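These notebook entries record what I looked up in one structure. I began with the surface and then turned to the fold, the aromatic rings, the pocket and selected loop residues.

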Amino acid sequence: MRQLLITITLVLAVTFSALAQTTAAPDFSGTWVLSAAKSTLAKDSTIKSETIVVAHKKSTIVFDYNTDGKKSKETYTADGQKRVTRNMSSGQLVSQVIWHDSVLVIESTLEVKIPNVTVTVSGLKPVIDTWTLAADGRTLTHQTNYGKEIFVYDKR
């Protein structure tokens, strides 16, 4: 019986130790320039150049885009909560952001608005964006399940 208790205690200690050693979220902060040569863009893509300035503080990540001279901004909180991330005339984009180990995962769905009614479009797959920082911290990869595009950015 004593040997069984020791074994159970050791198994629990190893399990809790492994859980405590979760991978820390990488810091995406910096200026990133699209490398068209390394990327897989849609055949009909019109993007000529894109620069992203990322500000990453705790669970908040801000992406400031400059795409072919047009500026836009996206702000996310990586805490697993669903939040409205973009309001549009036709509705709103609701996103849930979490870390899967060192990969940032953004899952977004569209809620269509009709005056005095909110409709959740069902049957459509959510758009899932993943952001991965290379081990050397010099390459940021953005992949989306929408169109199967892969955007690769080099750190400036």
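Predicted model: local features only at pLDDT ≥ 70, side-chain atom pairs only at ≥ 80, totals over all residues.

**Entry 1. Surface and conventions**

Residues are numbered from 1 along each chain as its sequence is written, and side-chain values use heavy atoms, with hydrogens and water left out.

**Entry 2. Fold**

I looked up the secondary structure and found one helix and eleven strands. From the N terminus on, the order is α-β-β-β-β-β-β-β-β-β-β-β. Helices (H or I, at least four residues) and strands (E, at least two) are DSSP runs, numbered from the N terminus.

Of the 156 residues, 28% are buried. Buried means under 20% relative accessible area, exposed over 50%, and partly exposed in between (1.4 Å probe, protein chains only).

I then examined contacts (heavy atoms within 4.5 Å). Among contacts with a separation of 6 or more, 31% are between residues 24 or more positions apart.

**Entry 3. Aromatic rings**

My search of the whole structure returned five aromatic pairs. Rings of Phe, Tyr and Trp (its six-membered ring) pair if their centres lie within 6.5 Å; planes under 30 degrees apart count as stacked, over 60 as edge-to-face and the rest as tilted.

Why is the pair of Phe28 and Trp99 edge-to-face? The ring planes of Phe28 and Trp99 stand at 65°, with centres 5.5 Å apart, so the pair falls in that class. Phe28 sits in the loop between helix H1 (2-20) and strand E1 (30-34) and Trp99 in strand E6 (residues 91-100), so the pair ties together parts 71 residues apart in sequence. Phe28 is buried at a relative accessible area of 0%, whereas Trp99 is partly exposed at 21%.

I next recorded the pair of Trp131 and Tyr153, which is stacked, with 6.2 Å from centre to centre and 20° between the planes. Trp131 belongs to strand E9 (residues 127-133) and Tyr153 to strand E11 (residues 150-155), so that the pair links distant parts of the chain, 22 residues apart. Both Trp131 and Tyr153 are buried. These two residues also belong to one aromatic cluster with Phe63, Tyr65 and Tyr76.

**Entry 4. Largest pocket**

Rolling a probe the size of a water molecule over the atoms shows where empty space is left. I applied a 1 Å grid over the protein atoms alone: a pocket is an open set of points where a 1.4 Å probe fits, with protein on both sides within 12 Å along at least five of seven lines, and lining residues have an atom within 4 Å of a point.

The largest pocket holds about 790 Å³ of space. Grid points are joined across faces, edges and corners, and the volume is the space filled by probe spheres set on the points.

Which residues lie nearest the centre of the largest pocket? They are Tyr65, Glu74, Arg86, Asp129 and His142, out of 21 lining residues. At least two lining residues each come from strand E3 (60-67), strand E4 (70-77), strand E7 (103-114), E9, strand E10 (139-144) and E11. E4 gives the largest share, four residues.

By class, I counted ten nonpolar, five polar and six charged lining residues. Ala, Val, Leu, Ile, Met, Phe, Trp, Tyr, Cys and Pro count as nonpolar, Asp, Glu, Lys and Arg as charged, and the others, Gly among them, as polar.

**Entry 5. Loop between E1 and E2**

I placed Thr40 in the loop between E1 and E2. Thr40 is partly exposed, with a relative accessible area of 44%. Not counting residues up to four places away in sequence, Thr40 touches Glu149 and Ile150. The C-alpha atoms of Thr40 and Gln143 are separated by 9.4 Å, although the two residues are 103 residues apart along the chain.

Ala42 is in the loop between E1 and strand E2 (50-57) and is partly exposed at 28% relative accessibility. From Ala42 to Ile150 I noted 9.0 Å, C-alpha to C-alpha, across 108 residues of sequence.

**Entry 6. Positive phi**

Which phi value does Lys58 have? Phi of Lys58 is near 55°, a positive value in a residue other than glycine. Lys58 is in the loop between E2 and E3 and is exposed at 82% relative accessibility.

Asp101 has a positive phi near 55° and is likewise a residue other than glycine. I located Asp101 in the loop between E6 and E7, where it counts as exposed at 59% relative accessibility.
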